[in-house]
Amino acid sequence: MKIATWNVNSIRSRQAHLTNWLQANPVDVICLQETKVIDSDFPRSPFEELGYHLDISGQKSYNGVAIFSKIPLQNVSVGFTSILGNKVEEFDEQKRAIAGIFEDILILNLYVPNGSEVGSEKYAYKLQWLKVLREYLEVALKTTPHICICGDFNIALESRDIYRQTKDTDIMASPQERQSLQAILDLGFIDAFRKFTPDAGHYTWWDYRRGGFPQNRGWRIDHFYLTENLSDRAQSCIIDKEPRTWEKPSDHTPVILEL
């Protein structure tokens, strides 16, 4: 089984890229972030023609997540209220989370808020969003032993995940963000990529500006996190840099997990 994650930075802008990639890489499941389109305008037919079933949750111009799967997902849910109830409904206004069961695995596809700037209102929202995510997973783990969390986390957990040294005030690398993500992993999740690749210099996102990609000034912020029993089934986890070389690419590139 192969599962991929990719922040496409607009499904309509990257429709041809994604179609071509799926033809060359017919994964069983692909999780997308930043689709940036309302559900009624989502370009479904090119992907359905490739044999995928689509579950989507989008909004106009911002955010948006989707899961394509070769067999229909079961128990599809959007956001956090499906488990935590209306007390967290404000965190579902932005379309950032979608989940479903594929075979015996709960796949949770996330687009974690960026946070904008350390100390800002958006930063505080990001930290609170991550706290709600942890609460969601605490409940899910009580009934679901095999969980795969993937997506754009907008956090590089360690210094080896970034091309340069960072400061505590750098967004996506601040101590509070890293602590919030680590608190989630402490529930029993393992970084699938690091299971196979311990060395530095591997990235999933490169800024469009200042020659980010040609000079490999990247960050590893797109992740697969697996429960321990599911991690035992992992055979590989790789970053496919090729789509970042294409004309008018997303600033992210796909990550592929094989179980």
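Modeller: A residue counts as exposed when its relative accessible area is over 50%, and as buried when that area is under 20%. The model discussed here is a predicted one.

Biologist: What makes glutamate 103 count as exposed?

Modeller: The relative accessibility of glutamate 103 is 54%. The cut-off for exposed is over 50%, and glutamate 103 therefore counts as exposed. Glutamate 103 is found in the loop between β6 and β7. Its phi is near 55°, which is a positive value in a residue other than glycine.

Biologist: Why does arginine 210 count as exposed, and where does it lie?

Modeller: Arginine 210 has 60% relative accessibility and so counts as exposed. Arginine 210 lies in the loop between β10 (205-206) and β11 (218-219). Although arginine 210 is not a glycine, it has a positive phi of about 55°.

Biologist: How do you know that lysine 87 counts as exposed?

Modeller: The value for lysine 87 is 63% relative accessibility, so lysine 87 counts as exposed. Lysine 87 is found in the loop between α3 (81-84) and β6. From C-alpha to C-alpha, lysine 87 and isoleucine 171 are 28 Å apart in space, and they are 84 residues apart in sequence.

Biologist: Let us turn to the helices. Why are α4 and α5 called roughly parallel to each other?

Modeller: The axes of α4 (residues 121-140) and α5 (residues 175-185) cross at roughly 10°. Angles under 35 degrees count as roughly parallel, and α4 and α5 are therefore roughly parallel to each other. Their axes come within 9 Å.

Biologist: Which residues make the contact?

Modeller: On α4 they are Tyr123, Lys126, Leu127, Leu130, Leu133, Arg134 and Leu137, and on α5 they are Gln176, Glu177, Ser180, Ala183 and Ile184. Sorted by class, the contact of α4 with α5 has seven nonpolar, two polar and three charged residues.

Biologist: What is in the largest nonpolar core?

Modeller: The largest nonpolar core has 27 residues. Those with the most contacts inside it are Phe80, Leu108, Leu110, Trp129, Leu133, Leu137 and Ile149. At least two residues of this core come from each of β6 (97-102), β7 (105-111), α4, β8 (147-152) and α5. Helix α4 gives the most to this core, with seven residues. Leaving aside neighbours within four places in sequence, leucine 137 is in contact with Leu108, Ile147, Ile149, Ile184, Leu187 and Phe189. Another core, of 24 residues, lies apart from the largest one, and includes Leu73, Cys150, Leu230 and Val255.

Biologist: Which residues in helix α1 are buried?

Modeller: In α1 (residues 15-24), His17, Leu18, Thr19, Trp21 and Leu22 are buried. The buried residues of α1 pack against β1 (2-7), β2 (29-33), α2 (45-48), β4 (65-69) and β14 (255-258).

Biologist: What is the order of the open sheet of six strands?

Modeller: The order is β3-β4-β2-β1-β14-β13, with mixed pairing.

Biologist: Why do β3 and β13 stand at the edges?

Modeller: Strands β3 (53-57) and β13 (236-239) each have a single partner strand, so one side of each is left without a neighbour in the sheet. The twist averages 15° from one strand to the next.

Biologist: In which sense do β2 and β4 pair, and over how many bridges?

Modeller: Strands β2 and β4 pair in the antiparallel sense, over five bridges. Two strands count as paired if there are at least two bridges between them. Cysteine 31 stands opposite isoleucine 67 in β4.

Conventions: Residues are numbered from 1 along each chain as its sequence is written. This is a predicted model: local features need pLDDT of at least 70, side-chain atom pairs count only at pLDDT 80 or more; totals for chains, interfaces and linings use all residues. Side-chain values use heavy atoms; hydrogens and water are left out. Axes are lines fitted to C-alpha atoms, for helices over the stretch in contact, and angles run from 0 to 180 degrees between N-to-C directions. Helices (H or I, at least four residues) and strands (E, at least two) are DSSP runs, numbered from the N terminus. Angles under 35 degrees count as roughly parallel, over 145 as roughly antiparallel, 65 to 115 as roughly perpendicular and the rest as oblique. Contact means heavy atoms within 4.5 Å. Ala, Val, Leu, Ile, Met, Phe, Trp, Tyr, Cys and Pro count as nonpolar, Asp, Glu, Lys and Arg as charged, and the others, Gly among them, as polar. A nonpolar core is a set of buried Ala, Val, Leu, Ile, Met, Phe, Trp, Tyr and Cys residues joined through side-chain atoms within 4.5 Å. Buried means under 20% relative accessible area, exposed over 50%, partly exposed in between (1.4 Å probe, protein chains only).
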